[in-house]
Amino acid sequence: MTEIAIIGGGAAGAAVFGALLRHGGSTGVHWIAGPAANGRGVAYATADERHLLNVRASGMGLYPDQDEEFAQFAADRRAGAGGADFLSRRLFGDFIEAQVQRRSEAARRQGRRFAVHRQEAVHLERQAGGYRVHLADGTAVDADVAVLALGALAQRPLRAVSGDALASGAYELDPWRLPQRTHAPRRLLVIGTGLTAADTLLSAAYRWPHAELVAVSRHGLLPLAHSPLPLAPYPWQQDLNDSLLACTGVAPMLRLVRTALRTAPQTDWRSVIDGMRPVNARLWQGLTLARRKQFLRHLRWLWEAARHRTAPQTAQTLQQLLEEGRLQVHAARVLAVDGHGPLEVGIRDRASQARSTLRADLVVQATGLDTAAAYTGHVLLSQLLRDGLAVADPLQLGVAAQPDGRLLDAHGDAQPGLYAIGSLLRGNLWECTAMPEIRAAAHALAQALAQAGRSAGDATDGGTAPPRRDGTVIPFPRHNDMAFGEFAET
Ligand SMILES: Cc1cc2nc3c(=O)[nH]c(=O)nc-3n(C[C@H](O)[C@H](O)[C@H](O)COP(=O)(O)OP(=O)(O)OC[C@H]3O[C@@H](n4cnc5c(N)ncnc54)[C@H](O)[C@@H]3O)c2cc1C
């Protein structure tokens, strides 16, 4: 009997959990989902209704098959008019909870063995035929397969930030903690101009109507916007994608995309970028390490702005703030952040190279996903790296892995039964952090694991735990008769 442990309580963990409950046959599933254990993770835990999804309702979901009806869920709650809408991330969080609950109830009726642990996994060790996952409360879970769905890593302060600035309380490393701040700043400075920065500026503009807002990033480019209505696909996308796949370098790829846009002036550039989605991972995998570096150095900023676009409403509000003069955006490098509050932020302007200093009562770091595994303080991931069970990607885009998500060990060998999903796989897949990619990956992984479980044959009795070694190994509850979120309070 195969036992699977999923580690991580965000949308990716929820997608794997739900997919395994549906496709996993007789596998036993442990979801180690952290204290919140609700599948919302970072992105869908926000309570601010202004924080919108950056994918239309019709493109969002948790599973790529059946009960896949986010737009309908929204309509039932009178929260959206149709599939083309960009709805709130909070609503999508509600949808995730409802979907997981539904699959849990169905699995319980079928007598499936599963448990949700409201604990963090702090240590993972290999043992004969599988893994033992140690939880923060001192208990442990034994499994044949472990899936890491850890999401992005906690932000580390930029090198330019002094110890004084960090200790001052005026430097915020986690933009999602902003609602806990009670003191209205006169000037708030955001480092970064991506999607998280956009949300931060939106919330701050509403909450502190008299605050002056400043955003600084190297290129000073706010995210580009989705079109209000869905666009017609680029008619020659298949030919373009085939030609891109035949390229070996970044510059020829860029030339091909530019030529496509020039020769089809009636086509919206966003259709072409979106049409590349099915081949993005293969394009990335076709690049050598040197070419990936080249892409990251010269094109990443443009790709991120074009590919990870914001909802039209968000872009409109930001534009209004710019026009009213409440928001200033600088294309500049941050050289230093110092002081005891207010903070002094030294910058060098990108165009003129002139240095200047900005003062702000509150500085928020919103520099995007951190996947630099080698430098993380994440307890479990650093232990995996230390023990050679994982290896950092050479470009600090998560961990080294095979295309199917299996982690490579220190010798470059794929580890049996140790997988990752989501942002930890950026080094291998590049585009793997959004729901359309995550749910497809979760579905494929669940099917592969179920197939492997069937091939291995079933030996163990339902409801029993793998053999005890040391510490308390948690068995599945005898009767899975509790509602989602209350299973195993470990
Ligand atoms: C602000 C923001 C907005 C986004 N908007 C969209 C969008 O509109 N559409 C879209 O498709 N994508 C969006 N994304 C992309 C987003 O990354 C994915 O949609 C998805 O939420 C990723 O889920 P995840 O589970 O991989 O990561 P996370 O949401 O980071 O969840 C991982 C969870 O695992 C937990 N965890 C970590 N370590 C352990 C451990 N050792 N033990 C137990 N638990 C652990 C973490 O605490 C966290 O709760 C957005 C991302 C962000 C940050």
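Visitor: How many nonpolar, polar and charged residues are in the lining of the second largest pocket?
Guide: This is a predicted model. In it, the lining of that pocket has 19 nonpolar residues, 1 polar residue and 1 charged residue.

Visitor: Which residues lie nearest the centre of that pocket?
Guide: They are L254, M276, F295, L299 and W303, and they belong to a lining of 21 residues. The space in the second largest pocket is about 470 Å³.

Visitor: Which helix gives the most to the lining?
Guide: Helix α7 does, with 6 residues. At least two residues each come from α7 (250-263), α8 (269-275), α9 (280-285) and α11 (300-307).

Visitor: Let us turn to the overall layout. What domains is the protein divided into?
Guide: There are three entries to note: domain 1 covers 3-154 + 371-456, domain 2 covers 163-225 + 309-365, and domain 3 covers 237-307.

Visitor: And how many residues of domain 1 and domain 2 take part in their contact?
Guide: Domain 1 contributes 9 residues to the contact and domain 2 contributes 11. Taken over C-alpha atoms, the centres of these two domains are 31 Å apart.

Visitor: What area is buried between them?
Guide: About 890 Å² is buried between domain 1 and domain 2, and carbon and sulfur atoms give 57% of that area.

Visitor: How many salt bridges are found across that interface?
Guide: The interface of domain 1 and domain 2 has 1 salt bridge.

Visitor: What about salt bridges in the whole model: what is the count?
Guide: The count comes to 22. Among them is the pair R89 and D199, whose side chains meet at 2.8 Å, N to O. Another example is R40 with E97, where the closest N and O atoms are 2.9 Å apart.

Visitor: Where in the chain do R40 and E97 sit?
Guide: R40 is in the loop between β2 (28-32) and α2 (70-76), whereas E97 is in helix α3 (residues 89-109). The pair links distant parts of the chain, as the two residues are 57 residues apart.

Visitor: One last topic. Which residues does a cis peptide bond join?
Guide: A cis peptide bond joins G341 and P342, with omega about 0 degrees. P342 is in the loop between β11 (327-338) and β12 (343-349).

Note on methods. Residues numbered from 1 in each chain as written. Predicted model: local features only at pLDDT ≥ 70, side-chain atom pairs only at ≥ 80, totals over all residues. Heavy atoms only, no water. 1 Å grid on protein atoms, 1.4 Å probe; cavity = no way out; pocket = protein on both sides within 12 Å on 5 of 7 lines; lining within 4 Å. Points joined across faces, edges and corners; volume = space filled by probe spheres on them. Helix = DSSP H or I, 4+ residues; strand = E, 2+ residues; numbered from the N terminus. Nonpolar A, V, L, I, M, F, W, Y, C, P; charged D, E, K, R; others polar. Domains from an automatic or database assignment. Contact = heavy atoms within 4.5 Å. Buried area = accessible area lost by both parts, 1.4 Å probe. Salt bridge = Lys/Arg side-chain N within 4 Å of Asp/Glu carboxyl O.
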